[in-house]
Amino acid sequence: MEPQLGSHELLHVFSFLEARDLLCAAQVDKVWNEVARTQELWRHLCLRRWSSCKASQMTLGTQTWKQYYLCRSELEFRMESGRPEKDFICKAIAGHKGEIDELAYISTNEYRFNGQEKSVVCTVSSDATVRAWDLHEGTQIWSSPLQPAALVNLVTYPRLQLVVTVDERGLIKVWKAEDGCEWASFSLPTYSSALEACDILEGPLLLAACAEGALYTLTVPPLQLLSRVSVFPSNRTSLLCSPDRQWVFASTQNSDLGPKVFHTLSLLCPSEDEPPVYTTLPVELTSRACWAPAEAARLTVMHRNDNGMQLVVTTYELEAKKTRNRVDILVQQIASFLLPDTMMPPQLMKSHGSQVILLVSGSELVLFTVHGLQLAAFQDHQRPITSMWVGQTRVITSSFDLSLRVYLWSKDNKLPVLRSCYHLLGGSHRWASGFTHVESDSMSIVGVEARNIGTSILRSYYFKVQRG
């Protein structure tokens, strides 16, 4: 069939087609095939389908936009289906001689399909080592030398390829993610209650809270002390950075001391004349908090009401108003609601987008809007949920029932809708007591499986993609 339209006209017509129709058009003849392979057509399809993703997550490498579209579409299909062996490879990865207390990805969360993709996590354990693992190969990459005390927490800096750990005595260390070499160290006066990685334009920072209620701000990687601020004297302090790292939420659980929100930049070089800029939220007995990932400064706090009898979920928006000589923090309450009396006090709380709050109560996962409208409730686990990972496309929960549950967000509604999809099973109950942690990136899911003999292993689920 001779084409009746020229290449420019065909390109215009093809710009209205979906990917499936474009692939069909490419089979008509040589001219149509050439036009249907035009980079701009497939780039437009990619940006239209994944408009919510950051530009940095679309890394082409040596690929064409068409190859990127087809590979990522296949990955999403496999993530949605979750068929053992067909869609993913499951591997049990052992090595630690103690319990794994924390894990985090050190690989960048980019969608790469050029043969260079790799999912790497780091773990710390009561066996006093930090280790790096290749989830695709199911192998250990490196292990640190034995440390003076058990390691209890870590944070990672994927852009810098650095790992920061802290032990039970408060000794902080920086490690190179490539080979596990130690870079720097800093000693807190007491054990650390929280670590937060804060990679901002002014330079990468580490925020560390210790048991004495002080907040330390350190440079990364040299771990030079920039400031020490007394936040809640003699009280264990929790920290939570906003998505843009411009705000730091500090709280002490179930106390009549109101939580504080610091402006991050004011922690860099405070002085007697210019102390750190912060505000105290007008709530007491705080138990949980989370930042909305789709907003720069939207904070949701779970706390008790005035008589201390009921749990309340309140959402605030913060703004830094700068004048010539000072910065003022403006706080606006945008929503608040009481949790149902029939609901057990939630042990986990996270946000999705700007409007949805996810609460875990026992073995139940419940979704609310910030105004208190219940969207869904799931009881897919037989035993209590131990951790929850929330991403742009899916939610994953882990449980003592030795399973991970995968949920997917629907994009067709004004308010996001979560759909329960499938279980990922762990090992035998004879040897394991359940999953304690779960994390995920663009191509893998990893859980920490606690063993009955006082150790932990990693169980990874790596999703297959046939590269275009």
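Tutor: Before we look at the record, note that UniProt positions are given in the numbering used here, that feature names are shortened, and that annotations may be inferred rather than shown by experiment. This is a predicted model, in which local features need pLDDT of at least 70 and side-chain atom pairs count only at pLDDT 80 or more, while totals for chains, interfaces and linings use all residues. Residues are numbered from 1 along each chain as its sequence is written, and side-chain values use heavy atoms, with hydrogens and water left out.

Student: What does UniProt place at residues 10-48, and what makes up that span?

Tutor: The unreviewed UniProt entry places the feature "domain: F-box" there. The span is 74% helix and 0% strand, and its end C-alpha atoms lie 20 Å apart. Here helices (H or I, at least four residues) and strands (E, at least two) are DSSP runs, numbered from the N terminus.

Student: Why are β1 and β30 said to stand at the edges of their sheet?

Tutor: The sheet is open, and its 4 strands follow the order β1-β32-β31-β30 with antiparallel pairing. β1 (88-93) and β30 (432-440) each have a single partner strand, so one side of each is left without a neighbour in the sheet. Neighbouring strands of this sheet are turned by 20° against each other on average, direction ignored, where the axes are lines fitted to C-alpha atoms (for helices over the stretch in contact) and angles run from 0 to 180 degrees between N-to-C directions.

Student: How do you know that β30 and β31 are paired?

Tutor: Two strands pair if DSSP finds at least two bridges between them. β30 and β31 (residues 444-451) have 7 bridges in the antiparallel sense, and therefore they meet that definition. Within this pair, His 437 stands opposite Val 448 in β31.

Student: Why is Thr 237 called buried?

Tutor: Buried means under 20% relative accessible area, exposed means over 50%, and partly exposed lies in between (1.4 Å probe, protein chains only). Thr 237 has a relative accessible area of 2%, so the word buried applies. Thr 237 is found in the loop between β13 (225-230) and β14 (238-241), and among the residues it touches, beyond four places away in sequence, are Ser 193, Phe 232 and Ser 251, where contact means heavy atoms within 4.5 Å.

Student: What makes the meeting of Asp 127 and His 96 a polar contact?

Tutor: A polar contact is a pair of N or O atoms within 3.5 Å; within protein, one must be able to donate a hydrogen and the other to accept it, and residues adjacent in sequence count only if both atoms are side-chain atoms. The side chains of Asp 127 and His 96 make such a contact at 2.9 Å, so the distance falls within the limit. The side chain of Asp 127 also reaches the backbone nitrogen of Lys 97 at 2.9 Å. Asp 127 sits in the loop between β3 (120-125) and β4 (130-134) and is buried, with a relative accessible area of 13%.

Student: Why is a group of residues called a nonpolar core, and which residues have the most contacts inside the largest one?

Tutor: The name is used for a set of buried Ala, Val, Leu, Ile, Met, Phe, Trp, Tyr and Cys residues joined through side-chain atoms within 4.5 Å. The largest core has 37 residues, and those with the most contacts inside it include Phe 14, Trp 42, Leu 404 and Ile 445. α5 gives the most to this core, with 6 residues. A second, separate core of 20 residues includes Ile 172, Leu 188, Ala 197 and Leu 218.
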